[in-house]
Amino acid sequence: TFSLNAAGFFMDYKDIQVRVPVGVSQVEDNVGTAEVSGFELELKWQPLARWLIEASLGYTNAKYTALDINALPSVDLNDPFSVIQIDNKFDHVPEFSGSASILREFSLGDYGMLVALFSGNAKSSYFNEPLNLPQIKTPSVELFDATFVWTSTDERYTANFGVKNLTDERYLQTGFFNPTIGTIEQIHDRGRQWYLTGRYNF
């Protein structure tokens, strides 16, 4: 079984709202117009019984087309770190993103079923706030996970063991900027994590 889906999109925004600094807080404000375009691809393939491969790829081109910066609260209109500029990137919008996974089912006979899933996802770098401060920019990153799920034959017992971030990537996940008091907060990923859960169905 094989399937491939593709989609393209284009959005024309008017009075687009973004978070802007006002004093010690952040508020939503209308800053102008913008265009967002791109495409998405999704693939699903079952080459053999008990095997499943999935993958996806996305591209997003987001840009401001006009800004009314004089209407924005600001410290200094000539300071690029006080107001949004026309060539600033959208926050939390990577240009490229992709994922892939491979799943395999193992029959254990009278001992139930084991499902193994290995997956990975990647994103290009992106900014975490509209002013595009490089100090809190999330870099391009590739992450890999593994999950193993065991289910008893009568489906009454389930055990789930997994590892997130297999390669123990320590990267800047998000951040915050307060221009009034000049502070920058960075939040980093915790690195490799594992979990084990169990369930009993009555």
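This is a predicted model: local features need pLDDT of at least 70, side-chain atom pairs count only at pLDDT 80 or more; totals for chains, interfaces and linings use all residues.
Residues are numbered from 1 along each chain as its sequence is written, and side-chain values use heavy atoms, with hydrogens and water left out.

**View 1. The largest nonpolar core.** This core (buried Ala, Val, Leu, Ile, Met, Phe, Trp, Tyr and Cys residues joined through side-chain atoms within 4.5 Å; buried is under 20% relative accessible area, exposed over 50%, partly exposed in between, 1.4 Å probe, protein chains only) has 13 residues. Strands E1 (2–22), E2 (25–45) and E3 (51–67) each supply at least two of its residues; strands are DSSP runs of at least two residues, numbered from the N terminus. E2 gives the largest share, three residues. Ile16 is in contact (heavy atoms within 4.5 Å) with Val31, Tyr64 and Phe90, among others, leaving aside neighbours within four places in sequence.

**View 2. Surroundings of Asn121.** Asn121 belongs to strand E5 (residues 113–123) and is partly exposed, with a relative accessible area of 32%. Beyond four places in sequence, Asn121 touches Gly98, Ser99, Val141, Glu142 and Leu143. The C-alpha atoms of Asn121 and Ser101, 20 residues apart in sequence, are 8.7 Å apart.

**View 3. Surroundings of Asn132.** Asn132 sits in the loop between strands E6 (126–127) and E7 (137–138) and is buried, at 10% relative accessible area. A polar atom of the Asn132 side chain lies 2.6 Å from the backbone nitrogen of Lys89. Not counting residues up to four places away in sequence, Asn132 touches Asn88, Lys89 and Phe127.

Note on methods. Helices (H or I, at least four residues) and strands (E, at least two) are DSSP runs, numbered from the N terminus. A polar contact is a pair of N or O atoms within 3.5 Å; within protein, one must be able to donate a hydrogen and the other to accept it, and residues adjacent in sequence count only if both atoms are side-chain atoms.
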